[in-house]
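Hi,

Here is the structure I said I would pass on. Have a look at it first, and my notes follow below.

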Amino acid sequence: MTKETQTAINNPQLFDSSSKLIFGDNILSAQFFRDYADMEILRNIKPEDVEDVSNRYVPLFGTERESDTVKRVDISKYHSLKSPFAEKNESEINLPLYIVSLIEHKTKVEYNVVMQMLRYTVYIWEDFEKEMERRHAGISRRKGFRYPPVLPIVYYEGNGEWTAPADLSERILGGELLGKYLPHFKYQLVRLHDYSNAELLKKGDEISLAMLINKIHSPEDMTAFMKISGEKADEILKDTPEYLLEIMAKLLRALLYKMNLPEEETESAVSKIKERKMSMLFENVTMDIQAERRNRAKAEERLNATEKAFEVYKQVSRMQRRGCLEAEIKSALSEKFSLTEEEADAEYRKALEEYLKD
């Protein structure tokens with residue numbers, strides 16, 4: 001077993017970083033903006049126009065948002081955004097376009113994503129203002145001062161519907177009372193499962209192959225993936241740089257290990273990407289879809305049981321802190337989780353043990 005594959009097996013959190021691999025690369029990012037961002041100004045963006053500035057902003061949110069990316073895009077070749085900061089005899093400054101990409105690979109919808117986007121946007125504007133002030137003291141107080149445009153994009157890989165509001169106003173209680181003074185701020189949603197495999201493959205670039213791999217969430221998805229045209233995929237990889245092939249290989253390796261495919265078969269499939277032979281990707285792979293479906297069902301059962309145990313623990317903890325009696329707590333558990341008297345007693349005792357440990 002190679003060191004790389006052992007690392008993948010021992011670190012399941014690496015499976016959740018596939019989108020970071022994609023959006024951390026400027027070639028793939030440029031392709032994504034061209035193909036999937038609904039902005040005409042980005043249709044001809046090239047990798048050299050894209051600069052990753054995530055390290056400047058993402059740490060402000062802590063480790064829970066480390067999969068997000070912030071790109072600074074030079075659009076001066078395609079559109080001039082001149083901001084007349086200064087007087088007529090001073091040079092104009094060409095503004096960049098910032099693109100904030102929030103990556104949501106979880107199955108559950110993040111309902112506060114619009115506020116996270118707004119925070120990123122404000123951080124970018126504040127940082128830009130400070131930078132301009134360092135260059136030209138007092139410039140932000142001038143009439144002609146303008147902030148750079150920021151395009152917020154949410155890339156959602158979950159196969160469920162995205163039900164979070166896209167407009168900030170929907171997160172404000174009683175917003176209708178403010179009328180026209182209610183702030184409106186929207187983000188663009190790119191939902192991976194809105195695109196069929198055929199639509200993705202038709203784009204004819206590496207980002208679409210990567211998205212095809214990331215789209216796999218179930219045995220049915222894998223079956224559909226195995227039916228895509230290997231010849232078309234081979235054509236896409238024909239001129240792909242070696243380091244991008246390595247990224248694609250990492251994406252596939254993470255997926256196949258997550259699906260418990262044996263190491264030998266996994267590495268056989270991964271090697272085909274490095275050899276630019278997607279058409280032969282699964283020639284030595286045998287996959288029991290029914291077994292995978294059963295494994296998935298068991299994994300979901302374990303996850304549901306863990307989530308339920310945590311909810312029970314929180315309920316018991318809250319009521320313990322309020323000084324509730326044992327009978328009251330068991331009654332509340334029985335009602336909230338539809339438990340029998342015996343089940344409520346067992347759940348209470350397990351949760352109480354954890355509570356006392358804390």
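Val122 counts as partly exposed, because its relative accessibility is 32%, and partly exposed covers the range between under 20% (buried) and over 50% (exposed). Keep in mind that this is a predicted model. Val122 sits in helix 5, which runs over residues 113-135. Together with Trp125 and Tyr147, Val122 makes a nonpolar surface patch of about 240 Å².

Now for the inside. Helix 3 (residues 26-36) is mostly covered, with 8 of its 11 residues buried. At the N-terminal end, helix 3 is capped by Asp25: one of the side-chain oxygens of Asp25 lies 3.0 Å from the backbone nitrogen of Ile27.

Leaving aside residues up to four places away in sequence, Phe32 touches Phe23, Ala37, Ile153, Tyr155, Val190, Ile207 and Met211. Phe32 and Leu209 are also the residues with the most contacts inside the largest nonpolar core, which has 51 residues. Helix 10 (residues 242-258) gives the largest share of this core, 9 residues. There is a second, separate core as well, made of 21 residues, among them Met117, Tyr156, Trp162 and Tyr187.

Next, a lysine. Is Lys71 buried or exposed? Lys71 is buried, because its relative accessible area is 0% and the cut-off for buried is under 20%. Lys71 belongs to strand 2, residues 69-73, and the side chain of Lys71 makes a polar contact of 2.7 Å with the side chain of Asp52.

Lys71 also turns up among the neighbours of Leu97. Again not counting residues up to four places away in sequence, Leu97 touches Leu42, Lys71, Arg72, Val73, Ile75, Pro149, Val150 and Leu151. Leu97 lies in strand 5 (residues 97-104) and counts as buried, because its relative accessibility is 5%. One distance to go with that: Leu97 and Ser76 are 21 residues apart in sequence, and their C-alpha atoms are 9.4 Å apart in space.

That's what I have so far. Cheers!

Definitions and conventions
Residues are numbered from 1 along each chain as its sequence is written. This is a predicted model: local features need pLDDT of at least 70, side-chain atom pairs count only at pLDDT 80 or more; totals for chains, interfaces and linings use all residues. Side-chain values use heavy atoms; hydrogens and water are left out. Patches are made of residues with over 30% relative accessible area and no salt bridge: like charges are joined within 9 Å, nonpolar side chains (Val, Leu, Ile, Met, Phe, Trp, Tyr) within 5 Å. Accessible areas come from the Shrake-Rupley method with a 1.4 Å probe; for residues, only the protein chains shown count as cover. A salt bridge is a side-chain nitrogen of Lys or Arg within 4 Å of a carboxyl oxygen of Asp or Glu. Helices (H or I, at least four residues) and strands (E, at least two) are DSSP runs, numbered from the N terminus. Buried means under 20% relative accessible area, exposed over 50%, partly exposed in between (1.4 Å probe, protein chains only). A polar contact is a pair of N or O atoms within 3.5 Å; within protein, one must be able to donate a hydrogen and the other to accept it, and residues adjacent in sequence count only if both atoms are side-chain atoms. A nonpolar core is a set of buried Ala, Val, Leu, Ile, Met, Phe, Trp, Tyr and Cys residues joined through side-chain atoms within 4.5 Å. Contact means heavy atoms within 4.5 Å.
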